[in-house]
Amino acid sequence: MHARVVAATVAAILGTAAPLNPGSNARAGGVGEPTVIAHRGASGYAPENTLASIDKAAQLGFSWVENDVQRTKDGELVVIHDDSLQRTTNVEQVFPGRAPWKVKDFTAAEIARLDAGSWYSPAYAGTRVPTLDQYMRRVERNHEKLLLEIKNPGLYPGIEQQTLKLLGNEGWLDHKHLDRLIVQSFSADSIRTVHELKPAVTTGYLGSPTVARLHQYAGFTDLVNPSYGSLSKGYVAAVHAFDGPHGRPLEVFAWTVNDAATARKVAGYDVDGIITNKPDVVRAALGSD
């Protein structure tokens with residue numbers, strides 16, 4: 001491993017010296033096309049993080065979907081991106097006196113009353129914020145795979161344990177499901193906790209650690225998932241040079257790529273996955289229809 005690390009570090013330095021310009025099918029080391037992951041479901045075509053959005057991803061023929069998990073006032077895990085309900089629901093109309101409408105300040109029953117679809121399109125009026133267990137059952141029904149993000153873990157102490165318990169109750173920590181699940185977060189501490197609690201679970205860190213620090217992350221994460229704008233071919237090679245906690249080369253899923261030109265560019269960096277609101281656009285750009 002050490003020889004690969006040295007070579008990749010040199011490549012990363014050379015690769016990042018040049019400015020960046022404005023490929024399951026996972027391919028550590030550049031084998032095959034990147035896996036395409038539907039971001040918050042097929043959120044370019046249906047309201048994000050809803051059952052409708054993952055249904056749309058399935059209809060388009062995509063098996064990998066991504067979601068965000070947070071916790072209600074009474075301890076229920078729900079699937080929503082923002083820590084506020086304001087952007088993607090009608091909470092201001094239903095509960096006008098409760099600004100700033102934080103997820104953690106509302107019960108699951110209150111959130112279940114909200115319309116999480118009309119903001120996107122009248123066609124989705126009445127769509128609800130799903131609980132995580134509702135969401136997992138729909139993922140299972142659709143025969144999909146899940147890239148689950150623990151969102152804002154600092155707001156929700158113990159959310160890692162709670163999420164893993166729910167996944168276990170739904171059967172997603174059984175051996176047959178483990179290749180269908182990745183748990184990720186922007187918090188290195190949160191991902192380290194997941195790895196320590198359930199070492200068999202594949203984990204991903206959202207961000208781009210320096211090459212000098214990659215060896216630290218390789219102890220508890222299987223993927224390094226940066227914004228596509230922060231990437232270079234050299235950096236991806238540097239990540240691939242490290243073996244993660246399961247003895248496999250670290251992988252790279254880049255986010256959030258929504259147009260053909262960027263998809264082709266990012267695939268050229270030898271990433272293992274591309275996270276996108278428009279998975280069909282990325283698939284067509286990569287010639288993998």
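## Helix α2

The buried residues of α2 pack against β1 (35-38), β2 and α5 (132-141); contact means heavy atoms within 4.5 Å. Helices (H or I, at least four residues) and strands (E, at least two) are DSSP runs, numbered from the N terminus. Helix α2 covers residues 51-60, and Ser53, Ile54, Asp55 and Ala57 are buried in it. Buried means under 20% relative accessible area, exposed over 50%, partly exposed in between (1.4 Å probe, protein chains only). Just after α2, Gly61 has a positive phi of about 95°.

## Basis

This is a predicted model: local features need pLDDT of at least 70, side-chain atom pairs count only at pLDDT 80 or more, and totals for chains, interfaces and linings use all residues. Residues are numbered from 1 along each chain as its sequence is written, and side-chain values use heavy atoms, with hydrogens and water left out.

## Strand β4

Strand β4 spans residues 145-150. Six of its six residues are buried, so the rest of the structure largely encloses it. Lys145, Leu147 and Glu149 point one way from β4. Leu146, Leu148 and Ile150 point the other way. In a regular strand the side chains alternate between the two faces of the sheet.

## Neighbours of β4

Two strands pair if DSSP finds at least two bridges between them. Strand β2 (residues 64-71) runs parallel to β4, joined by six bridges. Trp64 stands opposite Lys145 in β4.

Strand β5 (residues 181-185) also runs parallel to β4, with four bridges between them. Here Glu149 stands opposite Gln184 in β5. The chain passes from β4 through helix α6 (residues 159-169) to β5, a right-handed β-α-β crossover. Right-handed means that, with the strands pointing away from the viewer, the path from the first strand over the helix to the second runs clockwise.
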